[in-house]
Amino acid sequence: MSGDPLVDSFGRTVRDLRISVTDRCNFRCTYCMPAEGMVWLPRREVLTFEEIHRLAGLFVERLGVDGIRLTGGEPTVRAHLPVLVAKLAGLRVPAGSASPLAGQPVDLALTTNGSTLRSMANELRAAGLARVNISLDTLQRDRFVAMTRRDELDRVLDGIAAAQEAGFSPVKLNAVVQRGVNDDEIVELARFAREQGVEVRFIEFMPLDADGRWLADDVVTQAEIVATIDAVFPLEPMPSRGAAPADRWRYRDGRGTVGVIPSVSQPFCADCDRVRLTAEGQFRTCLFATEETDLRARLRGGASDDDLVAAIRRAVGSKWAGHQINQVNFVRPRRTMSQIGG
Ligand code: SAM
Ligand code: SF4
């Protein structure tokens, strides 16, 4: 049964659902987690695959969502992830909907640190996963160890190759840029992506680090990133991004494209079409939201589909205009990136 699209009070239509499948991770990236002391959710508090599938089904079949991205924590550390992928890949966008995917399977993607893809890529692909984004912030082994607190660069690079061999299309790379940490590698990362035939998307560092050390000065802005690449590999802008978070450029020599996600310097809240579900079933209408809707309590309390749909519509109806990172009244969410699901 198809329903009305999810539209907030600012007229933005929700199309994209990010589902965190675990708060756990095998890395400890400095911009995301503390070195030690993360307290994981007890297993019983994490949504089961059946619960995730039920909620995802409502979003796709009744609320106009046509894209789902699995994230975390590190989604591939959740046991039996391909089983969940297979369940979600079976969801179809209703034939009568306005989506370009009407009548087709939902667009199913994964964001991962890439370290387990050599062993999992084929299975995920066979289960129906369409696309992967892999995080890669540096090509230098020592720096990789400093940034992720794990000596896994070779495994991540091999994971990128495995994703390509498994036939994912597109494979994209995500690189968070921090001033004085890896901003001297922007050109090298762009070069690597060009050579691999993948798109890298540079992400402005956001105040969601567990250690609370974020400073505005640490943010390397979109303008700086683009100028740095353009000086070596000339760029030209591509048409407007619509609701996608990345602005994109193509290389003038025709060898691919590059994206920048300017969350801090040029927030894209006015075009935002995303909502999020945390691993324990809290529904968030913004990465930076300070309020959540407890869908797990409703699920486990026997709520009907209509009750759940109504709760989701209410939450979206009160979605704010946007985060205020650049304003004095900005309030950091209590959760860090890994606890929200980036
Ligand atoms: N573990 C997976 C990964 O690293 O790709 C998925 C979860 S991770 C939280 C999702 C994305 O958020 C990654 O691309 C990561 O680099 C990014 N991220 C984490 N903390 C961030 C921060 N403080 N600012 C900007 N991006 C951040
Ligand atoms: Fe783990 Fe991803 Fe956070 Fe790094 S960014 S600590 S890989 S969840």
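User: Hi! Where does F283 lie in this structure?

Analyst: Hello! This is a predicted model, and in it F283 lies in strand β13, which covers residues 282-284.

User: Is F283 buried or exposed, and why?

Analyst: F283 counts as buried because its relative accessibility is 1%, and buried means under 20%.

User: Which residues is F283 in contact with, leaving aside neighbours within four places in sequence?

Analyst: Quite a list: F59, V275, R276, L277, E291, E292, T293, L295, I312, A315 and V316. Take L295 from that list. L295 is 12 residues from F283 in sequence, and their C-alpha atoms are 6.5 Å apart in space.

User: Nice. What about I261, where does that lie?

Analyst: I261 lies in strand β11, residues 257-261. I261 counts as buried because its relative accessibility is 7%.

User: How far apart are I261 and R201?

Analyst: Along the chain they are 60 residues apart, while their C-alpha atoms are separated by 6.8 Å. R201 is also one of the contacts of I261, together with F202, I203, E204, P245, A246 and F268, once neighbours within four places in sequence are left aside.

User: Let's talk about the core. Which residues touch the most other members of the largest nonpolar core?

Analyst: Those are I68, L70, F202 and I229, in a core of 102 residues. Helix α1, residues 49-62, supplies the largest share of this core, with 7 residues. As background, nonpolar side chains tend to be buried together in soluble globular proteins.

User: And what does L70 touch?

Analyst: Not counting residues up to four places away in sequence, L70 touches I19, V21, P75, L81, L84, V85, L88, A109, L110 and T111.

User: Switching to helix α6: which of its residues are buried?

Analyst: In helix α6, residues 186-196, the buried ones are I186, V187, L189, A190, F192, A193 and R194.

User: What covers them?

Analyst: The cover over the buried residues of α6 includes helix α5, strands β7 and β8 (199-204), helix α7 (222-230) and strand β10 (247-251). Just after α6 comes G197, with a positive phi of about 75 degrees.

User: Which residues have a positive phi although they are not glycine?

Analyst: H80 is one, with a phi of about 65 degrees, and R149 is another, with a phi of about 60 degrees. That is worth a second look because most residues other than glycine have a negative phi.

User: Where are those two found?

Analyst: Both sit in loops. H80 is in the loop between β4 (67-71) and α2 (81-89), and R149 is in the loop between α4 and α5. H80 is exposed, with a relative accessible area of 59%, whereas R149 counts as partly exposed at 25%.

User: Which residues does the cis peptide bond join?

Analyst: S169 and P170, with omega about 0 degrees. P170 is in the loop between α5 (153-165) and β7 (171-177).

User: How many cavities of 30 Å³ or more are there in the whole structure?

Analyst: The search finds 1. About 70 Å³ of space lies in the largest cavity.

User: What lines it?

Analyst: The lining is made of F27, C29, Y31, N113, S135, L136, D137, T138, F144, M147 and T148. By class, that gives 6 nonpolar, 4 polar and 1 charged. Helix α4, residues 141-148, gives the most to the lining, with 3 residues.

User: Which residues are around ligand 2?

Analyst: They are C25, F27, C29, Y31, C32, M33, G73 and N113. This shell has 6 nonpolar and 2 polar residues, with no charged ones.

User: Last one: where is W40, and what is it in contact with?

Analyst: W40 is in the loop between β3 (16-20) and α1. Leaving aside neighbours within four places in sequence, W40 is in contact with D23, R24, C25, R28 and M33. W40 is partly exposed, with a relative accessible area of 24%.

User: And how far apart are W40 and D218?

Analyst: They are 178 residues apart in sequence and 28 Å apart in space, C-alpha to C-alpha.

Key. Residues are numbered from 1 along each chain as its sequence is written. Chains are lettered from A and ligands numbered from 1 in the order in which they are written. This is a predicted model: local features need pLDDT of at least 70, side-chain atom pairs count only at pLDDT 80 or more; totals for chains, interfaces and linings use all residues. Side-chain values use heavy atoms; hydrogens and water are left out. A residue is near a molecule or strand if one of its heavy atoms lies within 4 Å of it. Ala, Val, Leu, Ile, Met, Phe, Trp, Tyr, Cys and Pro count as nonpolar, Asp, Glu, Lys and Arg as charged, and the others, Gly among them, as polar. A nonpolar core is a set of buried Ala, Val, Leu, Ile, Met, Phe, Trp, Tyr and Cys residues joined through side-chain atoms within 4.5 Å. Buried means under 20% relative accessible area, exposed over 50%, partly exposed in between (1.4 Å probe, protein chains only). Helices (H or I, at least four residues) and strands (E, at least two) are DSSP runs, numbered from the N terminus. Contact means heavy atoms within 4.5 Å. On a 1 Å grid over the protein atoms alone, a cavity is a set of points where a 1.4 Å probe fits but cannot get out, and a pocket is an open set with protein on both sides within 12 Å along at least five of seven lines; lining residues have an atom within 4 Å of a point. Grid points are joined across faces, edges and corners, and a volume is the space filled by probe spheres set on the points.
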